[in-house]
Amino acid sequence: TFHFSTGGKYVGEWKNDMQSGKGTITMPDGVSFTGNFKDNKPDGRGFMLGIGVDKILGEYKNGEFIKD
């Protein structure tokens with residue numbers, strides 16, 4: 001588990017000191033993303049969930065939601 005100075009945390013796989021592979025990142029406001037990461041960004045299949053955020057399941061590319 002890696003804890004960010006901003007209050008968020010990341011639990012998952014690492015490669016070359018970057019979030020890479022399967023993991024979950026949780027932001028201080030409670031919003032989380034669970035799925036695949038590449039170069040510290042959501043990339044591939046996963047879902048976002050949190051307070052005031054509907055569950056968004058789909059494909060992410062370079063940190064951006066691209067399709068469900």
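Biologist: Where does proline 28 lie?

Modeller: Proline 28 lies in the loop between E3 and strand E4 (32-38). Strands here are DSSP runs of E, at least two residues, numbered from the N terminus. This is a predicted model, where local features need pLDDT of at least 70, side-chain atom pairs count only at pLDDT 80 or more, and totals for chains, interfaces and linings use all residues. Residues are numbered from 1 along each chain as its sequence is written, and side-chain values use heavy atoms, with hydrogens and water left out.

Biologist: Is proline 28 buried or exposed?

Modeller: Exposed, with a relative accessible area of 53%. Exposed means over 50% relative accessible area (1.4 Å probe, protein chains only).

Biologist: What is proline 28 in contact with, neighbours within four places in sequence aside?

Modeller: Thr6, Gly7 and Gly8. Contact means heavy atoms within 4.5 Å. The C-alpha atoms of proline 28 and glycine 7 are separated by 5.2 Å. Those two residues are 21 apart along the chain.

Biologist: New topic. Where is asparagine 16, and what is its phi?

Modeller: Asparagine 16 sits in the loop between strand E2 (9-15) and strand E3 (18-26). Its phi is positive, about 55 degrees, although the residue is not a glycine.

Biologist: Buried or exposed, that asparagine 16?

Modeller: Asparagine 16 counts as exposed because its relative accessibility is 67%.

Biologist: And what about the phi of aspartate 17?

Modeller: Positive, about 60 degrees, and aspartate 17 is not a glycine. Its place is in the loop between E2 and E3. Aspartate 17 is exposed, at 74% relative accessible area.

Terms used: Helices (H or I, at least four residues) and strands (E, at least two) are DSSP runs, numbered from the N terminus. Buried means under 20% relative accessible area, exposed over 50%, partly exposed in between (1.4 Å probe, protein chains only).
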